[in-house]
Amino acid sequence: MSERRCASDADTQRAGEQFARVLRPGDIVLLSGHLGAGKTTFTKGVAKGLGVSERVTSPTFTMVREHACHNDQGITTLQHCDVYRVESLAEVLDLDLGELAEESAVVLIEWGELAESLFGREILRVDIEIGDDDARTLRVGGSLDDERSRALELWSRQ
Ligand SMILES: Nc1ncnc2c1ncn2[C@@H]1O[C@H](COP(=O)(O)OP(=O)(O)O)[C@@H](O)[C@H]1O
Ligand SMILES: [Mg+2]
């Protein structure tokens with residue numbers, strides 16, 4: 001488990017941008033934290049880190065937005081999902097989130113804890129806790145191999 005404190009929304013975006021360097025094609029990232037915690041803010045940073053040029057906004061009403069990426073990590077697409085408004089597990093199943101994580105894509109899911117039971121394979125979890133004032137604590141966990149654990153350990157100290 002790696003932890004990083006972010007004092008401002010710019011900090012959270014930077015944390016996302018640097019987190020993007022740890023991602024690999026096919027990754028699924030579940031984002032959790034209360035409304036306004038910074039899940040979309042973090043995603044904007046990830047998008048920047050993956051070389052997304054278009055503007056990233058909250059996909060609350062569309063549920064999934066697809067962004068083309070330009071990076072040297074072999075990640076061609078960012079699938080940004082928000083399942084906040086989803087009312088049943090059946091609806092989440094309909095989104096076929098696992099399918100979105102085809103080989104060269106990365107999937108980020110806001111309110112991802114709802115979808116956690118649907119993935120039988122390795123996932124990353126990012127939990128954002130709201131602290132005093134504007135501070136946020138980001139905690140990253142999941143099924144991490146040694147290389148990734150080391151990279152995230154460095155990330156937590158950046
Ligand atoms: N340290 C921080 N990290 C992230 N967002 C912050 C921080 N401090 C203040 N904010 C503000 O909190 C809000 C977070 O919104 P958003 O990223 O849309 O949250 P979520 O997607 O989790 O509902 C934004 O208005 C942002 O400017
Ligand atoms: Mg959001």
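A residue is taken here to be near a molecule if its C-beta atom, placed from the backbone, lies within 6 Å of it. In this predicted model, 18 residues surround ligand 1, and the closest are Thr12, Gly38, Lys39, Thr41 and Asp134. Two elements, helix 1 (9-19) and helix 2 (39-49), each give two or more residues to this shell.

Followed along the sequence, its pattern is β-α-β-α-β-β-α-α-β-β-β-α. The radius of gyration is 14 Å, close to the 15 Å that the globule rule gives for 158 residues, so the protein is as compact as a globular protein of that length. The C-alpha trace spans about 40 × 35 × 30 Å along its principal axes. Of the 158 residues, 39% are buried. Among contacts between residues at least 6 apart in sequence, 66% join residues at least 24 apart.

Seven of them form an open sheet in the order 1-7-6-2-5-4-3, with mixed pairing. Strand 1 (2-6) and strand 3 (64-68) stand at the edges of the sheet; each has a single partner strand, so one side of each is left without a neighbour there. On average, neighbouring strands of this sheet are turned by 20° against each other, direction ignored.

Within strand 7, threonine 137 is the bridge partner of arginine 5. Helix 1 lies across strand 1 and strand 7, and it runs at about 145° to strand 1. Helix 2 also packs on the sheet, where it touches strand 2 (28-32), strand 3, strand 4 (77-82), strand 5 (105-110) and strand 6 (124-130). The direction of helix 2 makes about 165° with that of strand 5.

How many of its eleven residues are buried? Ten of them are, and the helix is thus described as mostly covered. Among the buried residues are Lys39 and Thr41, both of which also belong to the closest residues around ligand 1. Others in the buried set include Phe42, Val46 and Ala47. The cover over the buried residues of helix 2 includes helix 1 together with strand 2, strand 3, strand 4, strand 5 and strand 6. After helix 2 comes glycine 51, with a positive phi near 80°.

Positive phi values also occur in residues other than glycine. One of these residues is tryptophan 111, with phi near 60°, placed in the loop between strand 5 and strand 6. Is tryptophan 111 buried or exposed? A residue counts as buried if 20 or more other C-beta atoms lie within 10 Å of its own. Tryptophan 111 has 20 C-beta neighbours inside 10 Å and therefore counts as buried. Aspartate 133 likewise has a positive phi, near 50°, and its place is in the loop between strand 6 and strand 7. Aspartate 133 is exposed, because it has 8 other C-beta atoms within 10 Å, and 12 or fewer is the limit for an exposed residue.

Notes:
Residues are numbered from 1 along each chain as its sequence is written. Chains are lettered from A and ligands numbered from 1 in the order in which they are written. This is a predicted model: local features need pLDDT of at least 70, side-chain atom pairs count only at pLDDT 80 or more; totals for chains, interfaces and linings use all residues. Helices (H or I, at least four residues) and strands (E, at least two) are DSSP runs, numbered from the N terminus. Two strands pair if DSSP finds at least two bridges between them. Axes are lines fitted to C-alpha atoms, for helices over the stretch in contact, and angles run from 0 to 180 degrees between N-to-C directions. Two residues are in contact if their C-beta atoms, placed from the backbone, lie within 7 Å. The radius of gyration is taken over C-alpha atoms; the globule rule is 2.2 Å times the number of residues to the power 0.38.
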